[in-house]
Amino acid sequence: MVRAGTTSGVHFLLSTVDSDLASAVRRRIDLPQDSRERYQADWSPFRSAILWRLENDDPEINRAIAHSLPDWSLRRRIATGVPFGPAQGPLPVLDCYARCDHAPPPLPDGADTTEGVIALLRSVTTLSAGKRAAGAVAWDDWEAVVAADRADPLPGYAKWAVANRVDCPHEVRLALATHRKHHDRLYEAGLVRDAAEYALEFPNTSSVLQVLNTGRWAFPHRAAEAAAALGPLVREELGEDLEAWSVLAQVLPTFTGTAPELLRTCGAITRV
């Protein structure tokens, strides 16, 4: 029987191999069946995964999760029908505030124009003020924020608060970098460029794979992206070696490194 914390991650890795091999591995390690209900029970949002779910551009999903979103800027975007993903938009607008504890707070004075938002960002002197100003940045203001920073650097608190927005494009985050550890801070905040980067570079593999396995129903486009990134390494390091898969099932729950490190470790153990 596989150890606790293993099931979801192994199922995700098995999604990258052919069905016959996947069946053989499941029998060898006595892996419980996967199911959508299990995904829902395992769900623990990683911050970038919040955006990945919104990228489905599904109004029903948006309404269902709006109350759990980390800031009002995301809810305002939903309420105006602006897509997060490839849909042309505007999306049908459903009542995304119905399950929220209170109505959305008003935007700060002057934040109804791009120029006003830039002025608000320039006035920031504290982290809390930075968060308020960043929350006023509209989804079509990102390039203007970068241009303003290049012309005359914005305050550090303002730049970090903008970069910390879940829906901030990753290119904008990198353009606003103010510190050599900016990349590490983004990781600590749960913000990555895409699912491939998350799958290949993020530590604590058990948690990473659990989120990605949940993504097979919650954000399938991103789960497929991660599977495409990990698949070649799964097939190279584990392949049809059932013993290597058994080792992985034992090691996965407590492994603190990245997924590539885990796969190489398990493959190497059985080749000794």
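Predicted model: local features only at pLDDT ≥ 70, side-chain atom pairs only at ≥ 80, totals over all residues.

User: How many salt bridges does the structure hold?

Analyst: Side chains of opposite charge can pair when their charged atoms come close. The criterion here is a side-chain nitrogen of Lys or Arg within 4 Å of a carboxyl oxygen of Asp or Glu. By that criterion the structure holds 11 salt bridges. Some of them form a network, in which Glu55, Arg222 and Glu225 are linked.

User: Which residue forms a salt bridge with glutamate 60, and how are the two placed in helix H5?

Analyst: The partner is arginine 63, with the closest N and O atoms 2.9 Å apart. Both belong to helix H5 (residues 59-65), where a spacing of 3 residues separates them by about one helical turn. Helices here are DSSP runs (H or I, at least four residues), numbered from the N terminus. Glutamate 60 is partly exposed at a relative accessible area of 46%, and arginine 63 is partly exposed at 35%. On this scale buried means under 20% relative accessible area, exposed over 50% and partly exposed in between, with a 1.4 Å probe and protein chains only.

User: Where do arginine 122 and aspartate 152 lie?

Analyst: These two residues form a salt bridge with closest N and O atoms 3.8 Å apart. Arginine 122 lies in helix H7 (residues 114-122) and aspartate 152 in the loop between helix H9 (142-151) and helix H10 (156-163), so the pair ties together parts that are 30 residues apart in sequence. Arginine 122 is partly exposed at 31%, as is aspartate 152 at 43%.

User: Is glutamate 237 buried or exposed, and what does its side chain meet?

Analyst: Glutamate 237 counts as buried, at 10% relative accessibility. Its side chain meets that of arginine 271 in a salt bridge of 3.0 Å, N to O. The pair links distant parts of the chain, 34 residues apart, with arginine 271 in helix H17 (residues 259-271) and glutamate 237 in helix H15 (residues 220-237). Arginine 271 counts as exposed, at 53%.

User: At what angle do H15 and H17 pack?

Analyst: Two packed helices are described by the angle between their axes and the distance between the axes. Axes are lines fitted to C-alpha atoms, for helices over the stretch in contact, and angles run from 0 to 180 degrees between N-to-C directions. H15 and H17 pack at about 10°, with axes 9 Å apart, and are therefore roughly parallel. Angles under 35 degrees count as roughly parallel, over 145 as roughly antiparallel, 65 to 115 as roughly perpendicular and the rest as oblique. Among the residues that meet are Leu233 and Glu237 in H15 and Leu263 and Arg271 in H17.

User: How do the axes of H2 and H16 cross?

Analyst: The axes of helix H2 (residues 19-29) and helix H16 (residues 242-251) come within 10 Å and cross at roughly 55°. That makes H2 oblique to H16.

Key
Residues numbered from 1 in each chain as written. Heavy atoms only, no water. Contact = heavy atoms within 4.5 Å.
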